[in-house]
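My entries follow in the order in which I checked things.

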Amino acid sequence: MLSVEAKLARLALKGDQRAFAELVELYQDKLYHMTYRMLYNRQEAEDVVQEVFLRVYKNLERYDATMKFSTWIYRIATNLCIDRLRKRKPVYSLDAESSDHEGLDGYAMIPSDDRTPESELLLSDTQRIIHQAIETLPAKYKSVMVLRYLEELSLQEIGDVLDMPVTTVKTRVHRGREFLRKKLEHKL
């Protein structure tokens, strides 16, 4: 029996624009949250989500209805995020105090994304430290950590999304946790 998404994909492939719009509606928020957690940049996350739907639309005939649609669309999104992370230029340390502005580090210079005084209060120091540590993870660990702990996918689902054996996923989750533990042991 076909899932709702598989039925919508089949209809969209036949040219049904409403069916494709429903797929977008079902996944746009989930994909945005996942991509934002990998990229930590609102504009980039929005761009990636748009690119995901373009690729889905262009490649609907490649979708295998025996596979979960969510696995297929998450794989596309994750791969696009990993590509973006790999292409990023090395960044200067934001922890270093600015020579121009005494007492301010690089984080204070970043223009706010969508932060308000209220949301800043809600973002505790601990969350901020963990967020910064995740930012420093190499792409291959970052993707599994985001999918495992922020998107709460099972190891099998992550293996399906990333097209790798569950044993590799387990290893990367373990190494990602070790990487974070070392980063955080003196900060928390």
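**Helix H1 and its partners**

I looked up what the buried residues of H1 touch, and found that they pack against helix H2 (17–39) and helix H4 (69–87), contact being heavy atoms within 4.5 Å. Helices here are DSSP runs of H or I with at least four residues, numbered from the N terminus. I noted that this is a predicted model, in which local features need pLDDT of at least 70 and side-chain atom pairs count only at pLDDT 80 or more, while totals for chains, interfaces and linings use all residues. Residues are numbered from 1 along each chain as its sequence is written, and side-chain values use heavy atoms, with hydrogens and water left out.

In H1 (residues 4–13) I listed Ala-6, Leu-8, Ala-9 and Ala-12 as buried, that is, under 20% relative accessible area with a 1.4 Å probe and protein chains only. They cover an arc of only 160° around the axis, which puts them on the same side of H1; the arc is taken from the directions from the helix axis to the C-beta atoms. Just after H1, I found Gly-15 with a positive phi of about 100°.

**Aromatic rings**

I then turned to the rings and found eight aromatic pairs, where rings of Phe, Tyr and Trp (its six-membered ring) pair if their centres lie within 6.5 Å, and planes under 30 degrees apart count as stacked, over 60 as edge-to-face and the rest as tilted. Tyr-27 and Phe-69 have ring centres 5.6 Å apart and planes at 55°, so this pair is tilted. Both Tyr-27 and Phe-69 are buried.

Terms used. Buried < 20%, exposed > 50% of the residue type's maximum accessible area, 1.4 Å probe, protein only. Helix = DSSP H or I, 4+ residues; strand = E, 2+ residues; numbered from the N terminus.
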